[in-house]
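User: I am new to this structure and would like to go through it by question and answer. Please begin with any term I will need.

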Amino acid sequence: MEAVCILCLAVVIIIWGFFWVWDPSERMKSQEQAGLLGGGSRTLMVIAHPDDEAMFFAPTVLGLARLRHRVFLLCFSAGNYYNQGEIRKKELLQSCDVLGIPPSSVMIIDNRDFPDDPCVQWNREHVASILLQHIEVNSINLDPALRREVT
């Protein structure tokens, strides 16, 4: 249940990002004036399993790409609930390619700690630890909650 709450919080932040990024005219002007556009922005997209990136977050990813953010994607399971994990991992990489996220920026966690099973509760501390690790390793510098880049 706690992992679900963390993922729900991530969804809320991502949805907020969609609305914040999606007004291209005013947002682009204000960011150009502030000097925020460019290759320095690095954003981490977090999803529970393959297909979430397309079903829920494609407009956000495309908006971030339009603003020239480097987007990294962290997927917490292979989506193996129906024993189709290998297929779903390939589909995720293909989807990310279409969305402009290179394979080197996609991490799929495929272990028993994070099964694609609605009856299993993921360990909150373990989720948080992995999130922090990916933020540090990939030098993520966008803080959507504060609407500013972290320097």
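Analyst: Helices (H or I, at least four residues) and strands (E, at least two) are DSSP runs, numbered from the N terminus. The model is a predicted one.

User: Where is the place of N138?

Analyst: Helix α6 covers 124-137 and strand β4 covers 142-143. N138 lies between these two elements, in the loop.

User: Is N138 buried or exposed?

Analyst: Buried means under 20% relative accessible area. N138 has 14%. Leaving aside neighbours within four places in sequence, N138 is in contact with R42 and F72. Because its relative accessible area is 14%, N138 is buried.

User: How many disulfides does the structure hold?

Analyst: A disulfide needs two cysteine sulfur atoms within 2.5 Å. For C75, the closest cysteine sulfur is that of C96, at 8.5 Å, so the two are too far apart for a bond. The number of disulfides in the structure is zero.

User: Is C119 buried or exposed?

Analyst: Exposed means over 50% relative accessible area. C75, at 0%, counts as buried. C119 has 73%, and therefore is exposed.

User: How many residues has the largest nonpolar core?

Analyst: β1 (42-47), α4 (58-66), β2 (70-75), α5 (85-99) and β3 (106-108) each supply at least two residues of this core. Those with the most contacts inside the core are M45, I47, L73, L92, I101 and V106. The residues of the largest core number 15.

User: How many residues are in the second, separate core?

Analyst: Among its members are L44, V46, I109 and I130. This second core has 13 residues.

Conventions:
Residues numbered from 1 in each chain as written. Predicted model: local features only at pLDDT ≥ 70, side-chain atom pairs only at ≥ 80, totals over all residues. Heavy atoms only, no water. Buried < 20%, exposed > 50% of the residue type's maximum accessible area, 1.4 Å probe, protein only. Contact = heavy atoms within 4.5 Å. Core = buried A, V, L, I, M, F, W, Y, C linked by side-chain atoms within 4.5 Å.
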